[in-house]
Amino acid sequence: MADELLIFEQTIEALFLRALSGRLTPECKARLREAGLDVDQKLRPAYPFESWMTFLRIGAEELFPQEPIAQGTFKLGEAYIEGFRETMLGRAVLSLLRVLGPRRALMRATQNFRAGNNYTESKLRELGPNQFELWMNEVGTYPSFTAGIIHAGLRVAGAQDISVEMSGYDGHACTYRISWKEASVSSGVAGSGDSKAARRSGSIISL
């Protein structure tokens, strides 16, 4: 793993400039700016991981003030995929996921997450048909954010009735128990309008 954990510019862009565009209040922007992220200025090439965790906390607190922090960051993870879809890199990655399907998409977890950072490592263990354990080495303070990304990414890859449960979280690494059913071809799983349906069909168990 890298000595200094970094989040790349495209990750910040996908969430805060794309997915949350028009939803950030002046108060939220001010808090983010104080924490080191000015969404109205050109982004830096990379941001420290700890700063990224602060940005996520602020985003969850400001956008989902009535939700527990785990649920708020989970929703940010789902939103991230929506924003990622609008970037050049995201279009390529998500198009590949649609071709690969859920199982092979999970097998590429390290490569997919490394598109946005310099540190992710993962291990995948198959438990049964459409049932897996995915270990990730560093998910930070909010493992539910990564769970939201996994959930939305599997939806794009053709899964439905998705369950992402967190276990074995030690403050850094986390194991996710993941299961799903295959979606029918006619279900339109890759459309951006499916985000509400995805949230209804998935589940997450908070720590």
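## The enclosed space

How much space lies in the largest cavity? In this predicted model, the largest cavity holds about 450 Å³ of space, and the count of cavities of 30 Å³ or more comes to 2. As background for reading such a value, rolling a probe the size of a water molecule over the atoms shows where empty space is left.

The lining of the largest cavity is made up of 33 residues, and those closest to its centre are Tyr-80, Ile-81, Asn-112, Phe-113 and Ile-149. Several elements give two or more residues to this lining, namely α3 (49-63), α4 (69-84), α5 (88-107), α6 (109-114), β4 (131-136) and α7 (143-157). The element that gives the most is α7, with 7 residues. When the lining residues are sorted by class, 25 are nonpolar, 7 are polar and 1 is charged.

## Aromatic rings

A search of the whole structure finds 8 aromatic pairs. One of them joins Phe-16 and Trp-52, whose ring centres are 6.3 Å apart and whose planes stand at 85°; an angle over 60 degrees counts as edge-to-face, so this pair is edge-to-face. The pair links distant parts of the chain, since Phe-16 belongs to helix α1 (residues 9-19) and Trp-52 to helix α3, 36 residues apart. Phe-16 has a relative accessibility of 2% and counts as buried, while Trp-52, with a relative accessible area of 3%, is buried as well.

Trp-52 also forms an edge-to-face pair with Phe-145, with 5.6 Å from centre to centre and 80° between the planes. Because Trp-52 lies in helix α3 and Phe-145 in helix α7, this pair ties together parts of the chain that are 93 residues apart in sequence. Both Trp-52 and Phe-145 are buried. Phe-16, Trp-52 and Phe-145 are among the members of one aromatic cluster, which also includes Tyr-47, Phe-55, Tyr-80 and Phe-84.

## A charge over a ring

Another kind of arrangement involves Lys-123, whose charged end sits over the ring of Trp-135, 5.2 Å from the centre of that ring.

Leaving aside residues up to four places away in sequence, Thr-175 touches Glu-133, Leu-134, Trp-135, Glu-165, Met-166 and Ser-167. Trp-135, one of the residues that Thr-175 touches, is also the residue whose ring has the charged end of Lys-123 over it.

How values were computed: Residues are numbered from 1 along each chain as its sequence is written. This is a predicted model: local features need pLDDT of at least 70, side-chain atom pairs count only at pLDDT 80 or more; totals for chains, interfaces and linings use all residues. Side-chain values use heavy atoms; hydrogens and water are left out. Contact means heavy atoms within 4.5 Å. On a 1 Å grid over the protein atoms alone, a cavity is a set of points where a 1.4 Å probe fits but cannot get out, and a pocket is an open set with protein on both sides within 12 Å along at least five of seven lines; lining residues have an atom within 4 Å of a point. Grid points are joined across faces, edges and corners, and a volume is the space filled by probe spheres set on the points. Helices (H or I, at least four residues) and strands (E, at least two) are DSSP runs, numbered from the N terminus. Ala, Val, Leu, Ile, Met, Phe, Trp, Tyr, Cys and Pro count as nonpolar, Asp, Glu, Lys and Arg as charged, and the others, Gly among them, as polar. Rings of Phe, Tyr and Trp (its six-membered ring) pair if their centres lie within 6.5 Å; planes under 30 degrees apart count as stacked, over 60 as edge-to-face and the rest as tilted. Buried means under 20% relative accessible area, exposed over 50%, partly exposed in between (1.4 Å probe, protein chains only). A charge sits over a ring if NZ of Lys or CZ of Arg is within 6 Å of the ring centre and within 35 degrees of the ring normal.
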